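Reader: I am new to this structure and would like a close look at one part of it, the surroundings of the ligand. Please take me through that part slowly, in one connected account.

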Amino acid sequence: MGMFLAKLMGLFCNQEHKVIIVGLDNAGKTTILYQFLMNEVVHTSPTIGSNVEEIVVKNTHFLMWDIGGQEMLRSTWSTYYTNTEDLRKAAVLVLANKQDMKNSMSAAEISKFLTLTSIKDHPWHIQACCALTGEGLGQGLEWMTMKTVAK
Ligand code: GDP
């Protein structure tokens, strides 16, 4: 009975959220996406110009778009926002990647540099991480899941 109820709840609680991963070329976006997938693989469907993967965390589906960071591709970024209500309700997670590198800026330094505290109209969070080992990515995903539940 418990199992049945859990499944029934799952049917109603399943939600899909779109995640757009943007960043400079070489920042580690693709590596981050596939690190997420190591634990939570559902299916893979690569598309031209971007990678799209779906991960499921606690009944919440995240459709993750890793879009090219090269300068010539940045003008196309806004086309990915269309079905996200123009980002009006978007939560912003900044992943301070490559923390294993000696000269990397800390999350606090990046936060100051990007003046993240000036963001008042969207929930935001900065998470230090290393995509090569996966360190910090779990916490980032946890924050994202928490934000979708809180909506
Ligand atoms: P993208 O262009 O943003 O998608 O970047 P990629 O995921 O292709 O990564 C660019 C390079 O950075 C690759 O050689 C990755 O192995 C490397 N890289 C990604 N994340 C890390 C990290 O946390 N630490 C280090 N040292 N290298 C990383």
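Author: At 64% relative accessibility, N26 counts as exposed (over 50%, whereas buried means under 20% and partly exposed in between, with a 1.4 Å probe and protein chains only). This is a predicted model, in which local features need pLDDT of at least 70 and side-chain atom pairs pLDDT 80 or more, while totals for chains, interfaces and linings use all residues. Residues are numbered from 1 along each chain, and side-chain values use heavy atoms, without hydrogens and water.

N26 sits in the loop that runs between β1 (15–21) and α2 (helices are DSSP runs of H or I of at least four residues, strands runs of E of at least two, numbered from the N terminus). Its phi is near 80 degrees, a positive value in a residue that is not glycine, although most residues other than glycine have a negative phi.

N26 is also one of the residues that come nearest to the ligand, together with K29, T30, T31 and D100, out of 15 residues around it (each with a heavy atom within 4 Å). Sorted by class, this shell holds six nonpolar, five polar and four charged residues, where Asp, Glu, Lys and Arg count as charged, Ala, Val, Leu, Ile, Met, Phe, Trp, Tyr, Cys and Pro as nonpolar, and the others, Gly among them, as polar.

K29 belongs to helix α2, which spans residues 29–40. K29 is buried yet forms no salt bridge, the nearest side chain of opposite charge being that of D25, 5.0 Å away (a salt bridge needs a side-chain nitrogen of Lys or Arg within 4 Å of a carboxyl oxygen of Asp or Glu). The K29 side chain does, however, reach the backbone oxygen of G23 at 3.3 Å.

Turning to the ligand itself, one of its oxygen atoms lies 2.9 Å from a polar backbone atom of G28. A nitrogen atom of the ligand is 3.0 Å from a polar side-chain atom of N97, and a ligand nitrogen is found 2.8 Å from an N or O atom in the side chain of D100. Taken alone, the ligand exposes 580 Å², and the protein buries 73% of that (areas by the Shrake-Rupley method with a 1.4 Å probe).

K98 lies in the loop between β5 (92–96) and α3 (107–113). K98 has a positive phi of about 65 degrees although it is not a glycine, and with a relative accessible area of 31% it is partly exposed.

Definitions and conventions. Lys, Arg positive; Asp, Glu negative; His and termini not counted. Polar contact = N/O pair within 3.5 Å; in protein donor to acceptor, adjacent residues only side chain to side chain.
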